[in-house]
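Subject: Structure handover

Hello,

Please find the structure below, with its sequence. My notes on what was found in it follow.

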Amino acid sequence: MLLSKKNNGNTDIIKEFRYHIGHLLSFTLTDLDCLRFLHARQCSIERSVQLALKWDEWRHQLMVALPRTTLRYSPNIILSSYADYFFSHPQIDLLPIMHHGWDKDDRPILWVKLGYIQSKFNEILKHFSIDDLTQYHLLIQEMFEMRYDYMYTQHKKTVTNAVIVFDMTGFDRVTLDMDAVW
């Protein structure tokens, strides 16, 4: 079965998927999110549900500051304890990843100074653990979800992806540290 992003013929399979994942998780997912899980498991409801439940469990293990009742990427995420930790951290400049506006198709632009991060990775690890960096990455992703929602509520335009610019200035293939790229 081929699923389309327009949702025209997909409502039955999405409804069935939502029924099986439960009300709370269903409420946090858009129809496009549901379609992504269904696509990932070739439209098998059982396998898609398993994937969605594992994803939800993983997400909440990493984002311990968020109660499960926080629905659909609430603005409360910005006020969560680890967001405060990152944005007030004296070494936040070591993590030069930022929202850099919108492209001509109204997609948010994420600017990642990968070369800088690679060159400073040992210094970064003195101030942030790998778990910290994972949570920081998730925080950035959650903030992008809020930007997608903003575009929909303000402009009635569905935006489902972003432009990511990898600034390779300072990137060194000779001393490449894959952990830094991760």
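Gln 42 counts as exposed because its relative accessibility is 58%, where exposed means over 50% relative accessible area, buried under 20%, and partly exposed in between (1.4 Å probe, protein chains only). Before going on, note that this is a predicted model, in which local features need pLDDT of at least 70 and side-chain atom pairs count only at pLDDT 80 or more, while totals for chains, interfaces and linings use all residues. Residues are numbered from 1 along each chain as its sequence is written, and side-chain values use heavy atoms, with hydrogens and water left out.

Gln 42 lies in the loop between helix H3 (31-40) and helix H4 (45-62). Helices (H or I, at least four residues) and strands (E, at least two) are DSSP runs, numbered from the N terminus. The loop between H3 and H4 also holds Cys 43, which is buried, with a relative accessible area of 15%. Most residues other than glycine have a negative phi. Gln 42 has a positive phi, near 45°, and the phi of Cys 43 is also positive, at about 65°.

**The sheet**

Three strands form an open sheet in the order E1-E2-E3, with mixed pairing; two strands pair if DSSP finds at least two bridges between them. Strands E1 (97-102) and E3 (163-166) are at the edges with a single partner strand each, so one side of each has no neighbour in the sheet. On average, neighbouring strands here are turned by 25° against each other, direction ignored. Strand E2 (residues 108-112) pairs with E3 in the parallel sense over four bridges, and in E3 the bridge partner of Ile 109 is Val 163. Helix H9 (residues 130-155) packs on the sheet and touches E1 and E2, contact meaning heavy atoms within 4.5 Å. The direction of H9 makes about 15° with that of E1; axes are lines fitted to C-alpha atoms, for helices over the stretch in contact, and angles run from 0 to 180 degrees between N-to-C directions.

**The cores**

A nonpolar core is a set of buried Ala, Val, Leu, Ile, Met, Phe, Trp, Tyr and Cys residues joined through side-chain atoms within 4.5 Å. The largest one has 16 residues, of which Leu 95, Ile 124 and Leu 133 touch the most other members. E2, helix H8 (121-127) and H9 each supply at least two residues of this core, and the largest share, six residues, comes from H9. Another core, of 15 residues, lies apart from it and includes Leu 25 and Val 49.

Regards
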